[in-house]
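Hi,

Here is the model I promised to pass on.

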Number of protein chains: 2
Amino acid sequence: MVGTWQYVLSTHAKAMCALERALGERHGLGPSEFEVLDRIVRHDRQLRLQELCDGVHLSQSALSRVVARLEKAGLVVRHVCDSDRRGVFVSITDAGRVRHHEALPTQRAVLAEVFGDTPARI
Amino acid sequence: MVGTWQYVLSTHAKAMCALERALGERHGLGPSEFEVLDRIVRHDRQLRLQELCDGVHLSQSALSRVVARLEKAGLVVRHVCDSDRRGVFVSITDAGRVRHHEALPTQRAVLAEVFGDTPARI
DNA sequence: TTACATTAAATGCCATTGCATGAAACTCCA
DNA sequence: TGGAGTTTCATGCAATGGCATTTAATGTAA
């Protein structure tokens, strides 16, 4: 139990740090940004901000800001939901799709490296 | 691989959040503070800051500040190493030992809850 | 001894996060 | 209709963390 926690803690630290470096240097994305982008791509239709919130390990406020950053970078678009104008839809742009497509192999390589299953070179 | 990462990510988020709440509310400690305190207690003799750095998932600067906070709270003492006056030793105080002793069951309970092995009530 | 490189820890600075709160839109019931 | 309560997202604020740098002490070589 404590052992599991140790494992989670050290794995998380290692992977997070490596992801931050690799995604940041090569694609200008933070781990949260990539995670959110990834969710949106996989969903591949309009998505309420709130739905996103459930699938992502971020508070609502943090998510709001990540999406704001992504929009500022032109990777996603935010627009108000017509039927319920409190809600906000997020959808991916072409640039966002491209960026995600580029970044995905990097993420995979880092994870493979950290989890050591496949000794992929980053 | 991606699955493992998902597991690590969600477990980490859940446990970290729960620890932050429980340790904070009941013992006035953050997760990092508890982790550092725990290391020091288990080592149970003078410890160089740098040695601590290896065992803890924090950068050197973050560790420096955590120790500063702990000292300010009277839970540890910092003092310069005589043989190499760049180095700093950290040792636990009685108050620190007491605080750790109180907080340990809380940590265990949270971990048990999150990892679900023993359905301990917090 | 002096000058330069290296090491340990602290600190300035900035980015990200969560909590609490705010603002706008919606629901529901009298 | 209208007013209270709720929901959704955005934002103010403070805490925490990492990187880069600084300061002080040590090691090394001329």
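First, the housekeeping. This is a predicted model, so to speak: local features need pLDDT of at least 70, side-chain atom pairs count only at pLDDT 80 or more, and totals for chains, interfaces and linings use all residues. Residues are numbered from 1 along each chain as its sequence is written, while chains are lettered from A and ligands numbered from 1 in the order in which they are written.

**The two chains**

Chain A can be laid on chain B by a turn of 180° and a shift of 0.0 Å along the axis, with an RMSD of 0.0 Å (least-squares superposition on the C-alpha atoms of residues with pLDDT of at least 70 in both copies). That is the relation of a two-fold axis. Both copies use the same surface, as 100% of the contact residues of chain A recur in chain B. Within chain A, the residue that comes closest to the rotation axis is A:Val8, at 2.8 Å (C-alpha).

Helices here are DSSP runs of H or I with at least four residues, strands are E runs of at least two, and both are numbered from the N terminus.

**Helix H1 of chain B**

The 26 residues of H1(B) should span 38 Å at 1.5 Å a residue, and the end C-alpha atoms are 36 Å apart, which agrees (the expected span is 1.5 Å times one less than the number of residues). Its buried residues are B:Trp5, B:Val8, B:His12, B:Ala15, B:Leu19, B:Ala22 and B:Leu23. Buried means 20 or more other C-beta atoms within 10 Å of a residue's own, exposed 12 or fewer, and partly exposed in between, with C-beta atoms placed from the backbone. Those buried residues pack against H1 and H5 of chain A together with H2 (31-43) and H5 (94-115) of chain B. After H1(B) comes B:Gly28, whose phi is positive, near 65°.

**Around DNA strand D**

There are 22 residues surrounding DNA strand D, and the closest are A:Gln50, A:Ser61, B:Ser59, B:Ser61 and B:Ala62 (near means a C-beta atom, placed from the backbone, within 6 Å). The largest share, five residues, comes from H4(A). The surface has six nonpolar, nine polar and seven charged residues.

**The sheet in chain B**

Three strands form an open antiparallel sheet in the order E1-E3-E2 (a pair needs at least two DSSP bridges). E1 and E2 stand at the edges with a single partner strand each, so one side of each is left without a neighbour in the sheet. E1 and E3 pair over two bridges, with B:Leu47 opposite B:Val90 and B:Arg48 partnered by B:Phe89. E2 and E3 pair over five bridges.

Cheers

Technical notes
Nonpolar A, V, L, I, M, F, W, Y, C, P; charged D, E, K, R; others polar. Contact = placed C-beta atoms within 7 Å.
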